[in-house]
Amino acid sequence: MNGIEDPSATGRSTNSVTPEQGLETLSQLGDWLTMDHPLEATGLDEDLRAVKELALDNVAQFLQFPENVEAVAHVMDGTFRGSRDPDVQGRLDAALNAVADSGLEADFVSARVGDPLDASPGEAVLPDGADAAIVYPPDGVPVVLLSSDLGFRDMILSAQQAAIDLLVDLAQSAGLSMINDQVGDSLATLIRTGDLPPEAGADDGAGQGTFRPVISVYFDGEITDASMV
């Protein structure tokens, strides 16, 4: 467990006026792109397994530390523990604790880039211009489609962004409102460097998520909607 045991607590150290007062020091993982993971490409299937493990595990590892959990929540909604609705805080803590303990649930599939209407049975196809997208089957875990045209490092970057998008979706399902549509980029900065991004106010889209485009992909034998990463 990562130690967040009192989801409705209002007296934690992060219940402060500014991030500098409550989030001075984060437990950094270093450069997660290279730490203990040589960037040596092998085969496509092996690469896909590697980037899946790397992307999902590093989000879970980052959330092992209570101060990092607080920073993630703050980056998402711009507020602090004690300022959120207690029910939302409780659901958020439960969701982030679950990720820290068991990881994010997602499958990763290699996809060809082309016209989904010309897809053959058994393959996954992303439209031109998409490097990755997330399909949310009605039953089962989310599926991340990664372009087979990507190099290994770009696969890692797209996989990490997909993991961040899944984390945002999880927080929203707990009732957390996003401060603006730059949340995904801000979380990437936080997880990669351990640094809080510059303070940003809410924009006209506050509370509506990260506004990821919905695109049509071919997956599991049919054309379906997906959230572009």
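Contact here means heavy atoms within 4.5 Å. Keep that cut-off in mind on this tour of a predicted model, in which local features need pLDDT of at least 70, side-chain atom pairs count only at pLDDT 80 or more, and totals for chains, interfaces and linings use all residues. Residues are numbered from 1 along each chain as its sequence is written, and side-chain values use heavy atoms, with hydrogens and water left out.

**Stop 1: Ser148**

Select Ser148. It sits in the loop between strand S4 (143-147) and helix H5. Helices (H or I, at least four residues) and strands (E, at least two) are DSSP runs, numbered from the N terminus. Ser148 has 33% relative accessibility, so it counts as partly exposed. The scale calls residues buried under 20% relative accessible area, exposed over 50% and partly exposed in between (1.4 Å probe, protein chains only).

Which residues does Ser148 contact, leaving aside its neighbours within four places in sequence? Show Leu44, Ser110, Ala111 and Arg112.

**Stop 2: helix H5**

Select residues 152-173, which form H5. This helix has 22 residues and spans 31 Å from first C-alpha to last. That is close to the 32 Å expected at 1.5 Å a residue, where the expected span is 1.5 Å times one less than the number of residues. Of the 22 residues, 16 are buried, so H5 is largely enclosed by the rest of the structure. After H5 comes Gly175, with a positive phi near 105 degrees.

**Stop 3: H2 against H5**

Axes are lines fitted to C-alpha atoms, for helices over the stretch in contact, and angles run from 0 to 180 degrees between N-to-C directions. The two helices are therefore oblique to each other. Angles under 35 degrees count as roughly parallel, over 145 as roughly antiparallel, 65 to 115 as roughly perpendicular and the rest as oblique.

Look for Leu48, Val51 and Leu54, among the H2 residues that meet H5. On the H5 side, find Phe152, Met155 and Ala159, among others. The residues of this contact divide into 13 nonpolar, 1 polar and 1 charged. Ala, Val, Leu, Ile, Met, Phe, Trp, Tyr, Cys and Pro count as nonpolar, Asp, Glu, Lys and Arg as charged, and the others, Gly among them, as polar.

**Stop 4: H6 against H5**

Finish with H6, residues 183-193. H5 and H6 pack at about 115 degrees, with axes 10 Å apart. That makes H5 roughly perpendicular to H6.
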